[in-house]
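Please walk me through this structure in the viewer. I would like to know what to select at each stop and what I will find there.

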Amino acid sequence: MAEIDRRYLSFSVDISVLAGGFWWEGALNTRRGLGTLRTPPLALDSEKLDRLVQLLGPAYLRVGGSEADKIHYFERPAGDANALVLTREQWDDLHAFLDRNDLKLVFTCKYGLFKREHHGRWLGTELEALLNYSRDRGYHIDVFELGNELNAYWAFHGLMSQPRAVNLARDYSQFRQSVLSYYPGAKISGPGSAFWPRLGETVRPISNITPKFLSHLGFDLDIVDWHYYPFQSDRSPVRTRRARIRHLLDPKSFEYFRSYSQRLRVLRDRYQPNAMLWTGETGSAQCGGQPELSDRWVSSFWWADQLGMGARQGQGVMVRQSLIGGDYGMISRLTLKPRPDYWVSWLWGQLMGQRVYAIDSNTPYIRCYLHSAKEEGRVLLLINLTARRVEVVLPPEIGDRITGGYELTAKSLTSRKVRLNGKKLRFKKGRVKLAHFEAIPFPGALAPNSISFWCC
C-alpha cells in the first residue's frame with residue numbers, strides 16, 4: 001500500500017529545551033502557548049544520551065517548537081535582557097550531536113513577524129546570518145520550514161498576529177529563495193498546521209489555512225506536513241479530548257488521525273502532487289504531555305497505533321515530540337531514563353521495514369499492521385486495547401508462518417517500566433540488543449493491554 005522513509009520514526013528536540021526557553025516541566029498552566037517555567041539549556045555532550053539515540057537511529061531530528069518564532073540567532077537584541085538566544089556554541093554542539101548519531105536536521109526557521117500588516121513581507125536578515133555561518137562551517141541542514149504552527153498564531157501571539165494564507169504563501173516564496181541560495185539541495189516543508197481532535201484545523205476561515213496556502217504557492221513544495229496531538233493535557237487552554245485513561249484506550253480516539261491524514265492527502269494531490277506527506281510533530285497530549293500518564297505504559301498504545309496507521313496512510317515520516325523533555329518525552333530530561341514509548345520506538349526500529357501491506361481487524365479494539373521485515377519476511381504488529389486475553393484468528397498464509405515474536409506488557413497501565421517477553425527492559429550502558437530476548441512462539445491469543453510484533 002505504501003513505502004515509508006528509512007528514517008520514518010523520527011523525533012524532535014524543542015528549541016526551548018535546546019536553548020533554555022520556557023518549557024512545560026513543573027508548570028501547571030500555559031501562557032501564550034508556552035510553559036511558565038524556564039529550563040536550562042540541554043547538554044548534548046552526554047554519552048548516555050548518544051547511546052540512547054543511536055538505538056533509535058537513523059532518524060530526522062526536528063528542532064522547532066513555539067519559541068522558534070521568537071528566538072534570536074547568535075546575537076541578543078539591545079535592550080532585551082530576557083530574550084531567548086540560540087548561541088553559536090549551542091548550534092555547534094547540535095551539529096556535532098547530529099554527526100555522532102546519524103541524524104538529519106529539520107530546522108524550523110524564525111517567522112517572527114507578529115503584526116498582521118507585516119505578513120507578506122518577510123525579511124530573513126537574521127536567518128541569513130545563521131545560514132552563512134552554517135555553510136561556512138560545512139553544516140548540513142536537510143529540511144527547512146518557516147514558522148511553527150502558523151495557523152495557531154492567534155493563540156500564541158494574539159488575534160491580530162494571525163497571518164492570512166495568501167500572505168504566508170508569498171512569504172514562503174521569499175523564504176525558499178533565501179534558503180536555496182545557501183543550501184541548493186535542501187527540502188522545503190510546510191505549512192505545519194496544527195490539527196486538533198474533533199476540530200481539525202480549528203476555526204474557519206481564520207486558521208484553516210492549509211488549502212488556500214497550498215493553492216497559492218508559486219513553486220513545488222517538497223513536503224506537505226502537519227502537526228497532530230490526539231489528546232490535550234490539563235495545561236492546555238483548549239481541551240477537545242482530555243488525556244485520560246479511558247480516552248487513551250478508546251479506538252475512536254485513534255481514528256481522527258486517519259480522517260485528517262486522508263483530508264491532507266486530498267489537498268496534497270490537488271495542489272502539490274509531487275510533495276511528500278509528513279507528520280511533522282506529534283505527541284500524546286498538547287502542552288508538554290499529561291503528568292503521570294504521558295510517561296506511562298498507557299500512553300504507548302496511541303503511539304504504536306499511529307506509527308502503523310501513519311505508514312498505511314502514506315505519511316513518509318513521523319516526527320515524535322519529543323525525544324527528550326516534557327512529560328511526553330521518550331527520554332526523561334532529568335534522569336535520562338527511557339520511558340515506555342522509547343521501548344515501543346526501539347522495537348519498531350528493530351523489526352519494521354519500509355514496505356507497508358494491507359491487513360484489517362474485525363474489531364476496533366484489536367489493531368493490526370503489516371510491514372516488510374528489516375531483514376527477511378514480514379512483521380505483523382498487533383495491539384490489544386482490552387484488559388482481557390483475546391484469542392485471534394489469522395489468515396493461514398500469516399498464522400501458519402509465524403516464526404516467533406516479541407510482546408510488550410506491563411504490570412499496570414500506569415507502570416513506568418515495561419517487559420519484553422516477560423523480561424524487564426533496562427538500558428544497560430548501551431548493551432540492549434534484541435538478541436538478548438528470545439522470541440516466543442505465537443500463542444494464538446494476545447495478552448491484555450499488550451503491543452506485540454510477530455515475524456513471519
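Start by selecting the lining of the second largest cavity, whose residues divide into 3 nonpolar, 2 polar and 3 charged. Keep in mind as you go that this is a predicted model. The space they line has a volume of about 40 Å³.

That was one stop; the structure holds 2 cavities of 30 Å³ or more. For the largest, select Tyr 228, Pro 230, Ser 253, Phe 254, Phe 257, Trp 302, Asp 305, Gln 306 and Met 309, which line a cavity of about 60 Å³. Two elements, α9 and α10 (300-312), each give two or more residues to this lining. With 4 residues, α10 gives the most. Colour the lining by class and you will find 6 nonpolar, 2 polar and 1 charged residues.

Next, select residues 251-271 to bring up helix α9. This helix has 21 residues and reaches 32 Å from its first C-alpha to its last, close to the 30 Å expected at 1.5 Å a residue. Now highlight its buried residues: Pro 251, Ser 253, Phe 254, Phe 257, Tyr 260, Ser 261, Leu 264, Leu 267 and Arg 268. You have met Ser 253, Phe 254 and Phe 257 already, in the lining of the largest cavity.

For a last stop, zoom in on the start of α9 and show Asp 250 with Lys 252. There, a side-chain oxygen of Asp 250 comes to within 3.0 Å of the backbone nitrogen of Lys 252.

Terms used: Residues numbered from 1 in each chain as written. Predicted model: local features only at pLDDT ≥ 70, side-chain atom pairs only at ≥ 80, totals over all residues. Heavy atoms only, no water. Expected span 1.5 Å × (residues − 1). Buried < 20%, exposed > 50% of the residue type's maximum accessible area, 1.4 Å probe, protein only. Polar contact = N/O pair within 3.5 Å; in protein donor to acceptor, adjacent residues only side chain to side chain. 1 Å grid on protein atoms, 1.4 Å probe; cavity = no way out; pocket = protein on both sides within 12 Å on 5 of 7 lines; lining within 4 Å. Points joined across faces, edges and corners; volume = space filled by probe spheres on them. Nonpolar A, V, L, I, M, F, W, Y, C, P; charged D, E, K, R; others polar.
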